[in-house]
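The sequence and structure are shown first.

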Amino acid sequence: MEPDVFEYHKETVGIDIFPGEKTKVIHGKSLQDPKFEKLKEALIHWINSILKPENIVVQSLQEDLFDGLVLHHLLARLAGVQLSVEDIVLTSAGQIHKLEVILEELDKRLGLQGTNNTKWNVKLIHDKDLLATVHLLVAMVRCFQPEVYLPQDVTVEVIVVEVTREGLKSNVQIEVLTEKSVGGAGSLSDPDRDDPIERLLKLEPHKVNTVKKAISHFINQNMSKLGLQVTDVDKQFADGVILLLLIGQLEGFFIPLYEFNLTPSNHSEMIHNVTLALDLLNEAGCQLSSVEPQDIISQDVAATLKVLYALFKKHKGSVK
């Protein structure tokens, strides 16, 4: 193969390719797939919920896991394993050594030690390979917390590239990241199995509206002292303001105004408000692992009703 053609393929794939190597990279269009984005968001939310007591916050799966710090703390909290490695390692050689220790222990816990079936390795994780990182995290969720919901049936197209004596060979394959649910409505991985809101939304519109009216009445009873009234449960919670005030009213505490944006004017301020509200709900014992801040902001009816129903179920019968 001519050198300029080889370089063109290297640039197109976006990775360094060396003779004798075979590697995979996620196809560009799959990176934009909403289902893949949802999976990444779910994994980030899972990591941050586990590591919140340690004030560790992950924003990017590619940029925040390569040095072993996050994986080290996840392993400690999920499996109670204390490894004899430094917490923070700055050198590349030190990070690689740390990852070797962590992945050896993880592979053992995942039942993969000594096999060739792993879809990740030290080099891939340290090189910030997104595909390998997602595969590893999904395996960790399935092993340590199988009750946690991850989006089902997520696949990506990957470009498999191999450098041979004859030149650069590539083909496109489908890679499965999460399987379809095989347990039907009773599967642990199915968030709708016991979800009354999901069941409700499958009923006739008039029955859905009846429940919405009941929830609105409950909300307005508890918000009357604040001089606020909700007339549209689908839209009025999108910026997080009324939701935060409602949580404070029902849980009996005051949220300082400097903690949130009372008049949010952009997407980031709304994200801050709704994220704070969901964190407070989780701390109050209302587990909503399948609801993301963006769901509320985008006025997703199911997500909004799940949040409001969780509050209704916990506080029904009481007027603050």
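## Exposure of Lys 169

A residue is called buried under 20% relative accessible area, exposed over 50%, and partly exposed in between. The model is predicted. Lys 169 has a relative accessible area of 48%, so Lys 169 counts as partly exposed.

Lys 169 sits in strand β3, residues 167-178. Leaving aside residues up to four places away in sequence, Lys 169 touches Val 160, Val 161, Glu 162 and Thr 164. Lys 169 and Lys 22 are separated by 147 residues in sequence, yet their C-alpha atoms are 9.3 Å apart.

## Helices α3 and α5

Helix α3 (residues 34-51) and helix α5 (residues 69-79) have axes that come within 10 Å and cross at roughly 65°. The crossing of α3 and α5 is left-handed. On the α3 side the contact is made by Trp 46, Ile 47, Ile 50 and Leu 51, and on the α5 side by Val 70, His 73, Leu 74, Arg 77 and Leu 78. By type, the residues of this contact are seven nonpolar, one polar and one charged.

## Nonpolar cores

The largest nonpolar core has 48 residues, and Trp 46, Ile 47, Leu 74, Leu 137 and Met 140 touch the most other members. Two or more residues each come from α3, α5, α6 (92-109), α7 (122-126), α8 (130-144) and β2 (154-164). Helix α8 gives the largest share, eleven residues.

Not counting residues up to four places away in sequence, Ile 47 touches Val 58, Leu 61, Leu 65, Val 70, Leu 74 and Leu 137. Another core, of 35 residues, lies apart from the largest one and includes Ile 215, Leu 305, Val 307 and Leu 308.

Notes:
Residues are numbered from 1 along each chain as its sequence is written. This is a predicted model: local features need pLDDT of at least 70, side-chain atom pairs count only at pLDDT 80 or more; totals for chains, interfaces and linings use all residues. Side-chain values use heavy atoms; hydrogens and water are left out. Axes are lines fitted to C-alpha atoms, for helices over the stretch in contact, and angles run from 0 to 180 degrees between N-to-C directions. Helices (H or I, at least four residues) and strands (E, at least two) are DSSP runs, numbered from the N terminus. A crossing is left-handed if the near helix is turned anticlockwise from the far one by less than a right angle, and right-handed if clockwise. Contact means heavy atoms within 4.5 Å. Ala, Val, Leu, Ile, Met, Phe, Trp, Tyr, Cys and Pro count as nonpolar, Asp, Glu, Lys and Arg as charged, and the others, Gly among them, as polar. Buried means under 20% relative accessible area, exposed over 50%, partly exposed in between (1.4 Å probe, protein chains only). A nonpolar core is a set of buried Ala, Val, Leu, Ile, Met, Phe, Trp, Tyr and Cys residues joined through side-chain atoms within 4.5 Å.
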